[in-house]
There are 2 protein chains.
Amino acid sequence: MEKPRIGWIGTGVMGLSMAGHILAAGYPLTIYSRTKAKAQSLLDKGAQWAASPKAVGAASDIVFSIVGFPKDVEEVLLGEQGALAGMAQGGIVCDMTTSSPALAERIAQRAAAQGCMGMDCPVTGGDVGARNAALSIFVGGEAAGLERIRPLLQCMGKIIMPCGVAGMGQKGKLANQVAIAGVMFSTCESLLFAQEAGLDVQQWLETVAPGAAGSTAMNVLGRRCLKGDFAPGFFIEHFVKDLGLCLEECRRMGLVLPGLQAAEQAYRQMLGRGQGKLGTQALVGGIAEACGKAWQH
Amino acid sequence: MEKPRIGWIGTGVMGLSMAGHILAAGYPLTIYSRTKAKAQSLLDKGAQWAASPKAVGAASDIVFSIVGFPKDVEEVLLGEQGALAGMAQGGIVCDMTTSSPALAERIAQRAAAQGCMGMDCPVTGGDVGARNAALSIFVGGEAAGLERIRPLLQCMGKIIMPCGVAGMGQKGKLANQVAIAGVMFSTCESLLFAQEAGLDVQQWLETVAPGAAGSTAMNVLGRRCLKGDFAPGFFIEHFVKDLGLCLEECRRMGLVLPGLQAAEQAYRQMLGRGQGKLGTQALVGGIAEACGKAWQH
């Protein structure tokens, strides 16, 4: 069977690695990205450039997108120059951005209206997971669509979780972000408490991390905090977007999650102070700063 | 060298196991407990009963206490019938309750005034860690005191962290509780979000637990939530006490920790609704209930 023609929109840190795996697996690949230079390494390896998302759609059987914000998703998939506008009947658009479940539902409806399918497949695993094709992928949309894109998802990820109808993939990812909010608070607030209490914070972390207080975040990002390394694995500005989407879903569901609310506020304050390009672990400094203190590491 | 005579005050879930290890190591042991019946298994194995904490102090070179609340610590160590009132010069009182750093400082001062030493050695590792002599122990107090009690701590725990002067052991433990607050929010809020979003919560947990959102709490207590098992490994009423102590320290240090505050409030609401005897993982139901919803597992 001939390989489907793949389209790719968005070549940021995540998208670049992910599209690279698709290309390496031998699929014909057409790319559009806001900044062409960021796609150059893929073009050098044989990918085709398209001048617009619409042109990507016209050249592809299956189009993946992974961009910044829901408004970007809306533009590149549903806009006048969006992928669906160019796509023939039978195509699939698969958005891998962490985005709004309601928008994912809308994309699926728009796709269905022209005989296509819309899937939402946000991922977790970060830049390292993307590079090593070790992402976990939450899938929303029709089962028939999943069967068609599964070989491609397997090029990018290890765990594929079918979550339900369109929008449910986003909900699975947002639930993951709710959990992340808590472990970030756990890590950063406890480290800051330890510092202000006058403890040897490094030794304290080694003592508690193997126990009930331990988390992946404490082990990975807590150690970065101790080195004063606030470089982004994951940008605060993207996390604020994700937490806002989580809160929006909470409102739709009639749910009040006080920990999530507190995290969203703390990160939004940091965004307001111009710290959106730092990594999420910079929260340890953000909480300190809000009290007129400083993280000493 | 002759083994020091050990005193033990408090034979709850933790204390009973811990005192058992001391006895098994061959130390002469004198016990007082509010409820004598709870000490019976130790008395059957050769421990001596004393009618008051003061009598324990009079019979011992080193007295350990692990009781419920700071007011209990104050009573059994500093009270008229407390251990220090009975203790000869050169003795050590070592409180293993999670309690107030300020009280630990006061105990050390009172002890020093009569030629004794006061140490604070709260633990983490729960009932299982106590049973398996695998606790982590935070130690506050004089280095000379630690050297004298170290062989005894090694009967109960695996990791011994010297934290500094009197009170610092408590601060090390409280920082651990700040971290626990965050991982409990992470686990319970994300599970509840997943349920309300209509996800298969069990499958969702298996997907996210190995990733960046993962924590010991999610793996251990999250799974108990999925079985509807709210039995106490750790009582909510004790955690509310701990979180209150954390907030008190925050006020002393001029620190505002919004995640901690939110957790303390959520757990305090549950205490107010008569749920103090449930395990901390019951937070998943508590958050649901506060919104008029129910945890379905």
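Mentor: A definition comes first: a polar contact is a pair of N or O atoms within 3.5 Å, where, within protein, one atom must be able to donate a hydrogen and the other to accept it, and where residues adjacent in sequence count only if both atoms are side-chain atoms. The model is predicted, and with that rule the count between chain B and chain A is 14 residue pairs in polar contact, both residues of a pair being at pLDDT 80 or more. Several elements of chain B each supply at least two residues of the side that touches chain A, namely strand 8 (135–140), strand 9 (157–164), helix 9 (168–196), helix 10 (201–208), helix 11 (216–226), helix 12 (236–253) and helix 13 (258–272). Helix 9 of chain B gives the largest share of that side, with 19 residues. Sorted by kind, the residues on the side of chain B that touches chain A are 35 nonpolar, 15 polar and six charged.

The size of an interface is often given as the accessible area lost when the parts come together. For chain B and chain A the buried area is about 4500 Å², and carbon and sulfur atoms give 73% of it. Chain B brings 56 residues to the contact, and chain A brings 56 residues as well. As for charge pairing across this boundary, the count between chain B and chain A is zero salt bridges, whereas the structure holds 24 salt bridges over all chains.

For context, consider next the boundary inside chain A, which is divided into domain 1 (6–166) and domain 2 (172–290). Taken over C-alpha atoms, the centres of domain 1 and domain 2 of chain A are separated by 29 Å. In the contact between them, 15 residues of domain 1 of chain A meet 13 residues of domain 2 of chain A. The two domains of chain A bury about 1100 Å² between them, with 63% of that area on carbon and sulfur atoms. Four residue pairs, both members at pLDDT 80 or more, are in polar contact between domain 1 and domain 2 of chain A. On the side of domain 1 of chain A that touches domain 2 of chain A, helix 6 (101–113) and strand 7 (123–124) of chain A each supply at least two residues. Helix 6 of chain A gives the most to that side, with three residues, and the residues of the side divide into seven nonpolar, six polar and two charged.

Side chains of opposite charge can pair when their charged atoms come close. Across the interface of domain 1 and domain 2 of chain A, the rule finds one salt bridge. Glu105(A) forms a salt bridge with Arg252(A), and their closest N and O atoms are 3.7 Å apart.

Other salt bridges can be followed residue by residue. Asp242(A) and Lys241(A) meet through their side chains in a salt bridge of 3.0 Å, N to O, and both Asp242(A) and Lys241(A) are buried. The side chains of Arg273(A) and Glu289(A) also meet in a salt bridge, at 3.4 Å from N to O. This pair links distant parts of the chain, 16 residues apart, with Arg273(A) in the loop between helix 13 (258–272) and helix 14 (283–290) of chain A and Glu289(A) in helix 14 of chain A. Arg273(A) counts as partly exposed because its relative accessibility is 34%, and Glu289(A) counts as partly exposed because its relative accessibility is 38%.

In chain B, Asp72(B) forms a salt bridge with Lys71(B), the closest N and O atoms lying 3.3 Å apart. Asp72(B) has 10% relative accessibility and therefore counts as buried, whereas Lys71(B), with a relative accessible area of 57%, is exposed. Back in chain A, salt bridges that share partners join Glu105(A), Glu249(A) and Arg252(A) into one network.

With a relative accessible area of 39%, Arg106(B) is partly exposed. Leaving aside neighbours within four places in sequence, Arg106(B) is in contact with Glu74(B) and Leu78(B). Arg106(B) and Ala166(B) are 60 residues apart in sequence, and their C-alpha atoms are 8.7 Å apart in space.

Conventions:
Residues numbered from 1 in each chain as written. Chains lettered and ligands numbered in written order. Predicted model: local features only at pLDDT ≥ 70, side-chain atom pairs only at ≥ 80, totals over all residues. Heavy atoms only, no water. Domains from an automatic or database assignment. Contact = heavy atoms within 4.5 Å. Buried area = accessible area lost by both parts, 1.4 Å probe. Salt bridge = Lys/Arg side-chain N within 4 Å of Asp/Glu carboxyl O. Helix = DSSP H or I, 4+ residues; strand = E, 2+ residues; numbered from the N terminus. Nonpolar A, V, L, I, M, F, W, Y, C, P; charged D, E, K, R; others polar. Buried < 20%, exposed > 50% of the residue type's maximum accessible area, 1.4 Å probe, protein only.
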